[in-house]
Amino acid sequence: MCVAGACNREPADSGAVVAVTSPAVAVEAQAVVALDCGFRVENCRPTPADSKAARQAGPFTLVAEVRLDGRPHEQAAAITRWSVRQQDRAYELGIDESQRPYLALSEDGELTRTISTAIRATQQLRLGATYELAAVVVPDEEVRLYLDGVEIHRQDQVVPAVHLGASPLGIRRRTREEQPSRDLLVGKVLIFDRALSAGEVVEIATAHGRRSALPRTPPMRALTTGPGFHWFGYYDKHQFDPTGRYVLGMSVGFENRRTHPTDAVEIGMIDLRSNDEWIRLGETRAWNWQQGCMLQWRPGATDEIVWNDRIGEGNGARFVTRILDVGSRTERLLPRPIYTIAADGKRALGIDFERIGRSRPTYGYVGATDRTEGILAPEDAGIYGIDMETGRSELIVSVAEVFATGRPAGAVPEQEHFVEMLQINAAGTRFLFYERWVVGKSNLEQRVLTADLDGSDLFMLSHRGHLSHVAWLDEKHIVIYSDNYDGYALFEDEVGYVSMILESNADGHQTFLRGGEWMLADTYPDRYRLQHPFLYHRPTDEVFAIADLLSPREYRGIYRADTHPRLSRDERSVVVDSSHAGGRQMYLIDVAEILDSAKQ
């Protein structure tokens, strides 16, 4: 085999053959399987002899040059001994749906918990680039995963032995799979019946010309640090002021416990042009760990910020909205708390946070009495229209009216219903919301409805199974993450389901950049407790990871620290909440290079 021009050749002045051998050639000569698919589908057909040589139960090494011509819509195998119709799995090296390398190992040949030895690296491969992927397996000791000769993952606890089985060797396709992934192409393939050293892996990658710079996530810096804890909350609010200089946040001195009526959270902003100085602005006693207090810059204004608070005590306590001019420090109160504000900043929508606080404490507030307790679908509670200038409010849609929409006449709710997750479209003409109710102890059922901004023309958009986070794509289209649709599904207002935006098994919090070509979202912690905020480019169907953040195990349930990525006004930066450094803090990520490279 010739590698990088180093072959046996005959000098012109002698009939003797002189061996000119590089270290990489010497290593490759020890491979039990050596194939060159040339990045062509028809060339990837191992022989029975290759399959026999590839049956390892002890230490072994897999090496494959790979190129992604498109984002795989499911796990795409590069080198595999895997049957899709029989319980005969041994190993598989490939690229998953998020464009990350993975290695799966099976001890008994079955797709059982032994497959949990699957390793997924954090490095994300770019479309169109060629990489050399290598996996070194030492059963009962370790697995090492390499990209372009650089170790990207190591795991010390692996299966005691790899299943032998009878499944033949496959390149790019599992046994009896009709079509291999058209998105993943494979070049050279090497399989060794021993564990290569790190130096040997580097030699082969160098000889193949695959010593390029590894994929990297964009620059990130901490905006806040201890001793206090800082975060912002939900993903659909303006955290940046219109100039991009100030970033809002909240600060508290404790974590990982339920909120008490006496717990006050400090409201502040960070000056990005003054060493990220924290500037105190106020405080609130109406907040939760997930959505905070609806803190945000008032849309359409330059100096005003808005948040919810609680005034009064005991039976006289009630929730209100505070509006603060950060320049003059003048403040005024609105008599109802807000949930979402229209893009012009003149009108808002609010809900009964007392009812949410009792029905779904994760997203409600404590410290005020719920007057609707025990009423399954009240006629005097629901969604309120609020004038942001005068504070005047009125009930525009009741819970009873929502319950009756799209249900048989005379139907009676068996559980208490409530509304939340309100969002107004950019034109300020329609809004969406969730009708929810708890079944049993904690199972949440829901429907998504839309209406005109005055509450008229109610339309039941979706009632299918699990519906999670939601965002308007444009004036008429809505994107909802749902397990039942296998990812981010596109709906048209007053029509229903249209198509898929992005297939994904990882729920996240999505927003769209202007024009709708880019979606910003994130994931909940994966099996390694890593959260992955990302950008998705719809025209090229490519996912760009912008961070890989560890979520410590204590941050679970109602105390979890979702990243909730939020865009700057110029759409060049993203701020996330994260607990990866030992406490809930905020981090700024520069995404300009990703956006510019996609344009090119």
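Residues are numbered from 1 along each chain as its sequence is written, and side-chain values rest on heavy atoms, with hydrogens and water left out. Because the model is predicted, local features require pLDDT of at least 70 and side-chain atom pairs count only at pLDDT 80 or more, whereas totals for chains, interfaces and linings use all residues.

Residue N425 occupies the loop between β25 (417-424) and β26 (430-439); strands here are DSSP runs (E, at least two residues), numbered from the N terminus. N425 has a relative accessibility of 1% and therefore counts as buried (buried, under 20% relative accessible area; exposed, over 50%; partly exposed, in between; 1.4 Å probe, protein chains only). A polar atom of the N425 side chain lies 2.9 Å from the backbone nitrogen of T429. When residues up to four places away in sequence are not counted, N425 touches R430, W472, D474 and E475, contact being defined by heavy atoms within 4.5 Å.

The structure holds 17 aromatic pairs. Rings of Phe, Tyr and Trp (its six-membered ring) pair if their centres lie within 6.5 Å, and planes under 30 degrees apart count as stacked, over 60 as edge-to-face and the rest as tilted. The pair of F491 and Y497 is edge-to-face, because the ring centres are 5.8 Å apart and the planes stand at 75 degrees. F491 is buried at 1% relative accessibility, whereas Y497 is partly exposed with a relative accessible area of 40%. The rings of W518 and F544, with centres 5.6 Å apart and planes at 50 degrees, form a tilted pair. W518 lies in strand β34 (residues 518-521) and F544 in strand β37 (residues 542-545), so this pair ties together parts that are 26 residues apart in sequence. Both W518 and F544 are buried.

Ring pairs also link W231, F254, W287 and W289 into a cluster. Within this set, F254 has R257 over its face, at 3.7 Å from the ring centre. R407 likewise lies over the face of W437, at 5.1 Å from the ring centre. A charge is taken to sit over a ring if NZ of Lys or CZ of Arg is within 6 Å of the ring centre and within 35 degrees of the ring normal.

The largest pocket has a volume of about 930 Å³. A pocket is an open set of points on a 1 Å grid over the protein atoms alone, where a 1.4 Å probe fits, with protein on both sides within 12 Å along at least five of seven lines; lining residues have an atom within 4 Å of a point. Grid points are joined across faces, edges and corners, and the volume is the space filled by probe spheres set on the points. Of the 30 lining residues of the largest pocket, D236, H238, A426, T511 and F512 are the closest to its centre. Two or more lining residues come from each of β21 (340-341), β25, β29 (470-472), β33 (511-512) and β39 (566-567).

The G226 to P227 peptide bond is cis, with omega near 15 degrees, and P227 is placed in the loop between β12 (220-222) and β13 (229-231). R329, a residue other than glycine, has a positive phi near 65 degrees; R329 belongs to the loop between β19 (318-325) and β20 (331-334) and is partly exposed, with a relative accessible area of 42%. A positive phi, near 60 degrees, is also found for D541, in the loop between β36 (534-537) and β37. D541 counts as buried at 18% relative accessibility.

Key:
Helices (H or I, at least four residues) and strands (E, at least two) are DSSP runs, numbered from the N terminus. A polar contact is a pair of N or O atoms within 3.5 Å; within protein, one must be able to donate a hydrogen and the other to accept it, and residues adjacent in sequence count only if both atoms are side-chain atoms.
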